[in-house]
Amino acid sequence: MSDNIFAGSWAYRSFYNDPDLTITDLSALELGQGTIVFSDAASGVVAGTIGGPGWTLNLHGSATYGFPSQVWFQGTGIVGGEEWIYAYVGWMVPVWPNSTDTLQRAAFVGSVTRVIAHSNGSGGTSPAGVVGSFYACRAD
């Protein structure tokens, strides 16, 4: 078994950080979703991919282990002929003592930022510097 607690497949969702509580349609807050797959890299290293229908980014970064464990990585790739770069930082959610393996799925939570602008697919631009929050739960 790997020492890399991040190795494996994770269901990923990110959201705009909008404080407007009158927004009841959560899809209006969705920044992105996809699957993260981290390879079984050496302890302290994260590498793999994040992607969904029509897009994939290669991931590379590092992990530190503690309470909580932290992961930092960058995703890069060419999507629709354009370069995409996103940066991520996240922390493993600790196991709750009053929960069980069937009630709590492994997850990490954090922040994501778009490093460079790219088109948004609707004739506009997704600007650099946008920051969102994300969560990823173990899918395997």
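Two strands are taken to pair if DSSP finds at least two bridges between them. In this predicted model, strand S3 (residues 45-52) and strand S4 pair in the antiparallel sense over eight bridges. Within this pairing, Ile 50 stands opposite Leu 57 of S4. The two strands belong to a closed barrel of eight strands, which runs in the order S1-S2-S3-S4-S5-S6-S7-S10 with antiparallel pairing. From one strand to the next, the twist averages 30°. In general, the strands of a sheet pair through backbone hydrogen bonds, either parallel or antiparallel.

Aromatic side chains were examined next. A pair of aromatic rings is described by the distance of the centres and the angle of the planes. With ring centres required to lie within 6.5 Å, the count comes to 12 aromatic pairs. One of these is formed by Phe 38 and Phe 108, whose rings are tilted, with 6.3 Å from centre to centre and 35° between the planes. Phe 38 lies in strand S2 (residues 30-38) and Phe 108 in strand S7 (residues 107-114), so this pair ties together parts that are 70 residues apart in sequence. Phe 38 has a relative accessibility of 3% and therefore counts as buried, since the cut-off for burial is under 20%. Phe 108 is likewise buried, with a relative accessible area of 0%.

Trp 55 and Trp 84 form another tilted aromatic pair, at 6.1 Å centre to centre and with 35° between the planes. Because Trp 55 lies in strand S4 (residues 55-64) and Trp 84 in strand S6 (residues 82-92), the pair ties together parts that are 29 residues apart in sequence. Trp 55 is buried at a relative accessible area of 16%, and Trp 84, at 15% relative accessibility, also counts as buried.

Ring pairs also link residues into a cluster, which consists of Phe 6, Trp 10, Tyr 12, Phe 38, Phe 73, Tyr 88, Phe 108 and Phe 134. Phe 38 and Phe 108, described above as a tilted pair, are thus both members of this cluster.

One member of the cluster, Phe 134, is also in contact with Ser 14. Ser 14 is found in strand S1 (residues 8-16) and counts as buried, at 2% relative accessibility. When residues up to four places away in sequence are not counted, Ser 14 touches Leu 29, Glu 30, Leu 31, Gly 32, Val 112, Ser 133 and Phe 134.

Notes. Residues numbered from 1 in each chain as written. Predicted model: local features only at pLDDT ≥ 70, side-chain atom pairs only at ≥ 80, totals over all residues. Heavy atoms only, no water. Phe/Tyr/Trp six-rings, centres within 6.5 Å; stacked < 30°, edge-to-face > 60°. Helix = DSSP H or I, 4+ residues; strand = E, 2+ residues; numbered from the N terminus. Buried < 20%, exposed > 50% of the residue type's maximum accessible area, 1.4 Å probe, protein only. Contact = heavy atoms within 4.5 Å. Axes fitted to C-alpha atoms, helices over the stretch in contact; angles between N-to-C directions.
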